[in-house]
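Please keep the viewer open as you read.

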Amino acid sequence: MADKSFLEASFPSLRANVVPVEKYGELEPFVLPSDVEVQVRRGENEIDTALATIIDCVPVEADENLVIGFDAEWNVRLEDNGRFERGMIAIVQIAFEKRVEILQVRICA
């Protein structure tokens with residue numbers, strides 16, 4: 001919990017418009033459906049293959065809907081004086097159709 005307090009103090013925006021979990025405690029935890037495939041890709045060839053597969057499935061017709069989930073994570077370096085520096089993107093997640101691709105584009109440190 002010390003990390004939570006530290007992060008909230010360092011990044012006040014983390015608390016903006018947040019609803020405490022307890023308020024919705026009666027909700028079931030979200031679980032990915034069993035037919036959703038999650039893959040972790042680490043090397044350049046693995047990542048290229050995963051992206052090529054997604055691109056091949058993108059609809060060509062303009063009237064077709066395309067839904068993609070995208071998220072990215074990066075390292076944050078905190079200094080003793082409280083300053084922080086955001087590092088390079090390390091992880092990219094892409095959710096498309098019935099799969100989630102987790103792409104490690106840089107080593108997390």
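Ile94 sits in strand β3, where strands are DSSP runs of E with at least two residues and helices are runs of H or I with at least four, both numbered from the N terminus. The model is a predicted one, so local features need pLDDT of at least 70 and side-chain atom pairs count only at pLDDT 80 or more, while totals for chains, interfaces and linings use all residues. Residues are numbered from 1 along each chain as its sequence is written, and side-chain values use heavy atoms, with hydrogens and water left out.

**Around Ile94**

Ile94 is buried because its relative accessible area is 11%; buried means under 20%, exposed over 50%, and partly exposed in between, with a 1.4 Å probe and protein chains only. Setting aside residues up to four places away in sequence, Ile94 touches Leu51, Ile54, Ile68, Gly69, Phe70, Arg99, Val100, Glu101 and Leu103, where contact means heavy atoms within 4.5 Å.

Strand β3 covers residues 84-96, and several of its other residues are worth a look. The table sets four of them side by side.

| Residue | Relative accessible area | Class |
|---|---|---|
| Ile89 | 40% | partly exposed |
| Gln93 | 18% | buried |
| Ile94 | 11% | buried |
| Ala95 | 32% | partly exposed |

Which residues does Gln93 touch, leaving aside its neighbours within four places in sequence? The partners are Gly69, Phe70, Asp71, Ala72, Glu73, Glu101 and Ile102. Gln93, which lies in strand β3, is also the bridge partner of Asp71.

With neighbours within four places in sequence left out, Ala95 is in contact with Val67, Ile68, Gly69 and Val100. Computed along the sequence is not the whole story here: Ala95 and Glu37 are 58 residues apart in sequence and 9.7 Å apart in space, C-alpha to C-alpha.

Ile89 is another residue of β3. For Ile89, the contacts are Ala72, Glu73, Trp74, Val105 and Arg106, not counting residues up to four places away in sequence. Ile89 and Phe30 are 59 residues apart in sequence, and their C-alpha atoms are 26 Å apart in space.

**How the strands pair**

Strand β2 (residues 68-78) runs antiparallel to β3, and 10 bridges join the two; strands pair if DSSP finds at least two bridges between them. Leu78 stands opposite Phe84 of β3. The hairpin of β2 and β3 has 5 residues between the strands, and there Gly82 takes a positive phi near 90°.

On to the next pair: β3 and β4 are also antiparallel, with 6 bridges. In this pairing Ile91 has Gln104 in β4 as its bridge partner. The β3 and β4 hairpin has 2 residues between the strands.

Glu97 lies in the loop between β3 and β4. Glu97 has a positive phi of about 55° although it is not a glycine. As background, most residues other than glycine have a negative phi. Is Glu97 buried or exposed? Glu97 is exposed, because its relative accessible area is 54%.

**Gln104 in β4**

Gln104 is found in strand β4, which spans residues 99-104. Gln104 counts as buried because its relative accessibility is 18%. The side chain of Gln104 makes a polar contact with the side chain of Arg42 at 3.2 Å; such a contact is a pair of N or O atoms within 3.5 Å, and within protein one must be able to donate a hydrogen and the other to accept it, with residues adjacent in sequence counting only if both atoms are side-chain atoms. Not counting residues up to four places away in sequence, Gln104 touches Arg41, Arg42, Ile47, Ala90 and Ile91.

**The largest pocket**The largest pocket holds about 170 Å³ of space. On a 1 Å grid over the protein atoms alone, a pocket is an open set of points where a 1.4 Å probe fits, with protein on both sides within 12 Å along at least five of seven lines, and lining residues have an atom within 4 Å of a point. The volume is the space filled by probe spheres set on the points, which are joined across faces, edges and corners.

Lining the largest pocket are Lys4, Glu8, Leu14, Arg15, Val18, Val19, Pro20, Val21 and Glu22. This lining divides into 5 nonpolar, no polar and 4 charged residues; Ala, Val, Leu, Ile, Met, Phe, Trp, Tyr, Cys and Pro count as nonpolar, Asp, Glu, Lys and Arg as charged, and the others, Gly among them, as polar.
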